[in-house]
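Visitor: Hi, I'm new to this one. Can you show it to me and walk me through the aromatic rings and the core?

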Amino acid sequence: MSGPDGSLAGRVAVLGPVTPFRGGIAQHTTALVAALREHCEVELLSFSRLYPRLLFPGDSDRDPALEGQVVEGARYVVDSIRPASWRRAADHVVDSGAAALVMPWWTFFLAPCIGSIARRVARRGVPVVFLCHNVVDHEAAWWKRWLAARVLRLGSGWVVQLREEAEELQRLVPGSQPRFHQHPTYSGFLRPRGTLARRAHLELLFFGFIRPYKGLDVLIEAMGLLAGEDLVLTVAGEAWDDISPLRERAGELGVAERIEFLTRYLPEDEVAELFDRADVAVFPYRSATGSGAVALAQGYGRPVIVTRVGGLPEVVEDGVTGRVVPPEDPAALAGAVRSFMADRGEPMRPAVERFAKSLTWDSLARAVLDTAGLPAR
């Protein structure tokens, strides 16, 4: 991929959501593209429409704080529900001379789109590498697993970010040999200014989309068991469902005044302030593959409390960079929170920061290129 003078040579196509789209997949793809560009030319195709309006909360699937901003060189041409755009995108990848096509994979909804593009590109001799965020969707029905298998079998290489996901992929695609690389930590986001005043001895943060599998109701039950402690919980993220039952339950437990709900889209500068104020981030998931929100918390140097589900225990060393507890266990969750009351997790922060620095986007870019059979610069 590099010439004798160290200059860039060769080209890789990447197709996925990037800035100004919202969410962890877009952030991940944007960061990966930046890292890949240090090694090779990147032909970047993104979406003109990612999801129909009914499939996401909020007013838009784009970040209002990034309105008008685009990734340099990106072609926003793929419409997830218009097959003609899929054909044009696949033809463009082939005509661009790309040595491989890299595509993130994370949801059954995009199976027709991504599968069609992968099939058309592969038939014309361009290998396809899937970067798997979720091999199958959370709480996947049989037909979602079937769709995932049909798409992922079109790949010639796969990169997974959790060992558990590698095993799942091998069940769906017998004979596959996925490459494992942990999710890099987000250490390059906006730095906080320290504008938020503390409200208690211990500040907790639940961050990310509010969905049933993320176990916020379990955390609220744990807050009820912590009624005598000097702490406050901030719940920050858009809700996919009606959360009035959660608010009502907090009231019944007598902890409503110690839970702040920020159930809306949060721009990057506000996210930075929330993590700066937080002592510990809590992720009480019922099920999970990985979590970009955990990586974000670690990028801000914050210890985390996670449940022993999916790949979350792979990225948290219990007692060193955070705590790992059983899922759906309010008492265990409350106990983990209490363990931070004395020192607010400050002794763990150096270990969290070391862990964050060990997982770089450059390393992931090299892993992706190696999976495609291409050398890095």
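Guide: Start with Phe283 and Tyr285: both are buried, where buried means under 20% relative accessible area, exposed over 50% and partly exposed in between, with a 1.4 Å probe and protein chains only. This is a predicted model, with local features needing pLDDT of at least 70, side-chain atom pairs counting only at pLDDT 80 or more, and totals for chains, interfaces and linings using all residues. Residues are numbered from 1 along each chain as its sequence is written, and side-chain values use heavy atoms, leaving out hydrogens and water.

Visitor: What is the average pLDDT of the protein chain?
Guide: The average is 90, and 93% of the residues score at least 70. pLDDT is the predictor's confidence in each residue, from 0 to 100.

Visitor: Back to the rings. How many aromatic pairs are there?
Guide: The count is 6. Rings of Phe, Tyr and Trp (its six-membered ring) pair if their centres lie within 6.5 Å; planes under 30 degrees apart are stacked, over 60 edge-to-face, the rest tilted.

Visitor: Why is the pair of Tyr51 and Phe109 tilted?
Guide: Their planes are at 50 degrees, so the pair is tilted; the ring centres are 5.9 Å apart. The pair links distant parts of the chain, 58 residues apart.

Visitor: Is Phe109 buried or partly exposed?
Guide: Phe109 is partly exposed, at 22% relative accessibility.

Visitor: And the core? Which residues touch the most other members of the largest one?
Guide: Phe207, Phe275 and Phe283 do, in a nonpolar core of 56 residues. Such a core is a set of buried Ala, Val, Leu, Ile, Met, Phe, Trp, Tyr and Cys residues joined through side-chain atoms within 4.5 Å.

Definitions and conventions. Helix = DSSP H or I, 4+ residues; strand = E, 2+ residues; numbered from the N terminus.
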